[in-house]
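User: Got a model to go through with you. Can we start with the strands?
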Amino acid sequence: MYLVESFLSIQGEGKYAGYPSLFARFGGCNLRCKGFGCEFISPLNGSKLIGCDSLFAVDEKHFKQEWESFDDAQKLFSKIIMHLKDIDYLPHLVITGGEPLIHYKNPVFYGFLELALDYGFNVFFETNATVEIDFDKFALYKKVGFAMSVKLSNSGEKYEKRVNKKAIQNIALHAKEAFFKFVVSEDALAQIKDITKDIDIPIFCMPLGANRTELEKNSHAVILFCLKNGYNYSDRIHVRLWGDKRGV
Ligand code: SF4
């Protein structure tokens, strides 16, 4: 397992925006989402890379050298809970990436989840909801919440790759809690209706924007979109406060 970063902050998006949250970001993703257009410089060879705002947790070839490897669940958990040393409450534990569920069967990852649940954490996964979880065999996933950020066409990924309705329905049916979180730009309505059809969980819509200027430019249109169609608006508080800074 590769840990990219871990930090204590507030949740910036979705149903629990504003909640104190301990983030554990794991490396690797099954999508690339170049359509989000965020630019990074490769630490490997200085080349310009395009992807999502978490590209540093996605692109193994260029960023893996910055990731920390763990082959023991207890060591990984001990590293994460070091962030609690100056506080006397339990924040949410948010497991993110990349796409954390590509590791869902990994014994180190599953052992880490078990330790976190035993410790009393309220655990949430940030997922693109493309991975079909075997909830019978890996029953701990029934005890966690899922923010399903299913990608729309603005991600630049093909429909067949970014939308797995079986995986979405599976999570909505079995998880302790689940909600949708979409990054909205033009042509979003038909896509959202298609993905959420027959699934009765909350829907949050967020503006595209990896920095304050883009967010400011796009947020009003998304608020109007939510008002017109009965969806919940979610801001991206971390982008407003810290721009594209990492680890916040
Ligand atoms: S699924 Fe998420 S983490 Fe993976 S490339 Fe797309 S936006 Fe980035």
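Predicted model: local features only at pLDDT ≥ 70, side-chain atom pairs only at ≥ 80, totals over all residues.

User: Okay. Which residue stands opposite Ser9 in strand 2?
Analyst: Ser21 does.

User: How many bridges join strand 1 to strand 2, and do they run parallel or antiparallel?
Analyst: Seven bridges, and the two strands run antiparallel.

User: What about strand 1 and strand 5?
Analyst: Strand 1 covers residues 2–10 and is joined to strand 5 by two bridges, again antiparallel. Leu3 stands opposite Glu68 there.

User: Back to strand 2. How does strand 2 pair with strand 6?
Analyst: In the parallel sense, over five bridges. Strand 6 is residues 92–96. Leu22 has Leu93 in strand 6 as its bridge partner.

User: Is strand 2 largely enclosed or open, and why?
Analyst: Strand 2 spans residues 20–26, and six of its seven residues are buried, so the rest of the structure largely encloses it. Buried here needs 20 or more other C-beta atoms within 10 Å of the residue's own.

User: Zoom out. What is the strand order of the sheet?
Analyst: 5-1-2-6-7-8-9-10-11. That is an open sheet of nine strands with mixed pairing.

User: Which are the edge strands?
Analyst: Strand 5 (68–69) and strand 11 (232–233). Each pairs on one side only.

User: Helices now. Which strands does helix 6 touch?
Analyst: Helix 6, residues 188–196, packs on the sheet and touches strand 9 (177–184) and strand 10 (203–207).

User: And its angle to strand 9?
Analyst: The direction of helix 6 makes about 160° with that of strand 9.

Conventions: Residues numbered from 1 in each chain as written. Pairing = 2+ DSSP bridges. Helix = DSSP H or I, 4+ residues; strand = E, 2+ residues; numbered from the N terminus. Contact = placed C-beta atoms within 7 Å. Axes fitted to C-alpha atoms, helices over the stretch in contact; angles between N-to-C directions. Buried ≥ 20, exposed ≤ 12 C-beta atoms within 10 Å, placed from the backbone.
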